[in-house]
Amino acid sequence: MSKVEFNKETGPREVFCGLTSIVWLHRRMPDAFFLVVGSRTCAHLIQSAAGVMIFAEPRFGTAILEEKDLAGLADAHEELDRVVNDLIARRPEIKTLFLVGSCPSEVIKLDLATVAEKLNKRFFGQVRFVNYSGSGIETTFTQGEDGALKALIPLMESSNEEKLLLVGTLANNVEDRFKKIFTNLGISNIESFPPRQSTELPKIGKNTKVLLTQPYLSDTVRDLKHRGCEIISAPFPLGIEGSTKWFLAAAKAFKISELKVHEIISPLINRAKLALDSHKEILKGKRLFLLPESQLEISLARFLHNECEMDLIEVGTPYLNKDLMKEEINLLPENTKIVEGQHVEKQLDRVRETSPDLVVCGMGLANPLEAEGISTKWSIEMVFSPIHGIDQAADLAGLFSKPLKRNQILTSKSLVTH
Amino acid sequence: MELTLWTYEGPPHVGAMRIASSMKDIHYVLHAPQGDTYADLLFTMIERRGQRPPVTYTTFQARDLGGDTAELVKKNIKEAVERFKPKTLLVGESCTAELIQDQPGALAKGMGFDMPIVNLELPAYSKKENWGASETFYQLTRTLLKEKVSSSEKISPLRWKELGRRPKVNILGPSLLGFRCRDDVIEIQRILSEQGIDTNVVAPLGASPDDIERLIDAEVNICLYQEIAEASCEWLRRNFGMEYTNTIPIGIKNTIEFINEVHNKLDLPLTNKEELENKSKLPWYSKSVDSNYLTGKRVFIFGDGTHAIAAAKIAKEELGFEVVGLGTYSREMARQVRATAKDLNVEALITNNYLEVEDAMKKAAPELVLGTQMERHSAKRLGIPCSVISTPMHVQDVPARYSPQMGWEGANVIFDDWVHPLMMGLEEHLIDMFKHDFEFVDGHQSHLGHTATQTKDFLNSDEKKEKNSKEGIIWTESGRAELTKVPFFVRGKVKTNTEKYAILRGIPEISDETLYDAKAYFS
């Protein structure tokens, strides 16, 4: 492991909670509904994080706790029952209903597991109920997906068939590209988790080789291991380097020669390098500060330094699973400063002291930093854009070069911002 | 428990954030878990603010719950005070912190600071955003002024005469994330100034705690948005005798009435009464011959209480529309909205469920919807033009240009914003003339070109049902053919009425003649 500087920080944070991941999870599985059991804050959070109004009746909602629900727990269970009945009557096409715990439901110790169990019996053969927590007291942003996937694992049947299992939500087009490349490599049995239909869960067992597409799935990985799956150790498929090593690691697990991998992906790499050049020109030598949010920060730092020649000032991450991130950390330059956790005020002090050329941060902080003359990129965009794989490397770089390019075009400096 | 797919209002602590973020020299310590910081983006993204909201989130985690969360609160308060040096500190909790009962306000008061501390108790499980904003503004006003209550004499609205200066008023209620507040304040100040009235303080938008203490230098309070300011105005009236206005100056009639009300309260002679009607272009534009086609246009209105009530009055009295639906999500203003609806002979819809609003909209078969951004989406699905008149805020509701809702310019803005989505008079006349030409696409509307297919789908699905209505009535060929000749925006209504008529008369098959019989019967 390279000599990376690890720091921990605690204090007030400026990050989303795990409920936010419902925004992409519900789109991935169009036959699933996500019912948050929480407060008006939870409902308001998801609709605000989604950033737009709802164009149709959404497949997520909140059972908002009211004062009378807090008075007695038995009541709350009955009430939840009623809400679920209404919902299923209204949306008969729903096949899986996720009961999602929140901060208030966790604090009042509402037992969603028992509720789910009862409902599973009642709606047997019609709707499946799964529960997990997306609460802010336990989860950060993308960690919500970890909880949702972990909750599905007990529903997955066992099979000893050899297969490659891609774990973590991907954009559909990226997923298709990956499957094509793996097929060309000679891996024929490829499945994804989460699947595109919640009812089409892959079967798993000792010949399942798990390849992670996202770095925030610690609990899911642990449970897949318990089910006998083999976890392929690799960096994450962001950028040319990460994706190449990712393909190589998978090929190795299936005893496919490195030569074969290079043969298949070399044209892709050459093409991607060409596309990356114009972005690199802008990013080269620019100083980058990543605030913690999406959990993709370490992989992004690796890509933006190694392939786009940016200088890393600080790499924030909401939490650090050193085991899962081992391969990534090994690829970071010497003396990279990683900060786990956050004290948002102190971190912003460091941003101002080091005056970076670009800051990756949440939406709450972006405009205030822009107003101080610091270019920003919203981290939430990383989880909504197709950024994985060799073919997308230039698009990924483009997310970071665009704000800098814009800053070159718009030269006025001291703007009044109200 | 209430199933909510989308909510018009946030939780009450977001209302408190609106007050804190609107003001200067204030800091809000919010006892809240990770994730509640999402609310910052409402200000930095929707309002494009260049500053973060002045809020410190204690960010407690599950592991803190076993230990001492009270210490965590105190640590955050101490750090926030040292760093931001506020003149007044607000302390409160979000929904989850309310459950663990650390009483952060009481903790803050025990920490020995010499600045005023406002302890906010905003019940997250029964109240909503506007209530939270109102309560916060009220508690803040009360905290900063309560010591002056006993020493102060009742404030006479005529005091300006004794003092030998122009009368002074406060403008209370405008806040961030309020609909067009930024520009309404400018418009109202301009109008008052023209009438010889000075503005003492605008609050909460742009005010500091010092300004709140200066509120009693004015003679009268202007309650610009009841949702936010009425509680504070009422407290100032009870304790300092300050009178406040009830008229919301949206629309020509209300603006004139508002000016009258202010003059009456101040006993200031109104010398330019005749000029007032011509300050805005709305009265003439509405009178001009091109606007004839606006007569009786069916309009459906839904929004916050203040804007919905004002819109109903303008629609009926100033533009000659027919109000076919009126509702609000502001439960606090339900009584007033019901009263307005009663005058208009419609039933008020009081709900926080946008699907209910969409259903009501569908049933009312309006030609124009005046609503929130959510009604804009619902109306789009139904192929009905819509103009946005109320919060919840969307980035489009913070336009770069000057675009008030209140006063003279507000009336100009309203005329344009409401009328442009409808077809211009001549255009409609031509479409009517040519609609039987084969080139004509049914449902065509120049400004809604991209939704024409959606409109068609909506109608087709409706037409499928036409063959067999649920009461078993059959539409004959001639009946169906005649129905398609009815303008699409009233077709639903005509269909329902004709069926109603057929049932009433026991007619099993609807022909073209039945359609005309029904038309005569209901007109």
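Colleague: Which helix holds Asn239(B)?

Modeller: Asn239(B) sits in helix H11 of chain B, residues 226-240. Keep in mind that this is a predicted model.

Colleague: Is Asn239(B) buried, exposed or partly exposed, and why?

Modeller: Count C-beta neighbours. A residue is buried at 20 or more within 10 Å, and exposed at 12 or fewer. Asn239(B) has 19 inside 10 Å, so Asn239(B) counts as partly exposed.

Colleague: How far is Asn239(B) from Arg63(B) in sequence and in space?

Modeller: In sequence, 176 residues separate the two. In space, their C-alpha atoms are 46 Å apart.

Colleague: Now the sheet. What holds strands of a sheet together?

Modeller: Strands pair through backbone hydrogen bonds, parallel or antiparallel. Here, five strands make an open sheet with mixed pairing. The order is E5(A)-E4(A)-E2(A)-E3(A)-E1(B).

Colleague: Which are the edge strands?

Modeller: Strand E5 (128-133) of chain A and strand E1 (2-4) of chain B. Each pairs on one side only. From one strand to the next, the twist averages 25°.

Colleague: Which helix packs on the sheet and touches E1 of chain B?

Modeller: Helix H2 of chain A, residues 40-49. H2 also touches strands E2 (32-38) and E3 (60-64) of chain A. The direction of H2 makes about 165° with that of E3(A).

Colleague: How many bridges join E4 to E5 in chain A?

Modeller: Six, and the two strands run parallel. E4 covers residues 96-101. Leu99(A) stands opposite Asn131(A) in E5(A).

Colleague: What lies across E4 and E5 of chain A?

Modeller: Helix H7 of chain A, residues 143-152. H7 runs at about 140° to E5(A).

How values were computed. Residues numbered from 1 in each chain as written. Chains lettered and ligands numbered in written order. Predicted model: local features only at pLDDT ≥ 70, side-chain atom pairs only at ≥ 80, totals over all residues. Pairing = 2+ DSSP bridges. Helix = DSSP H or I, 4+ residues; strand = E, 2+ residues; numbered from the N terminus. Axes fitted to C-alpha atoms, helices over the stretch in contact; angles between N-to-C directions. Contact = placed C-beta atoms within 7 Å.
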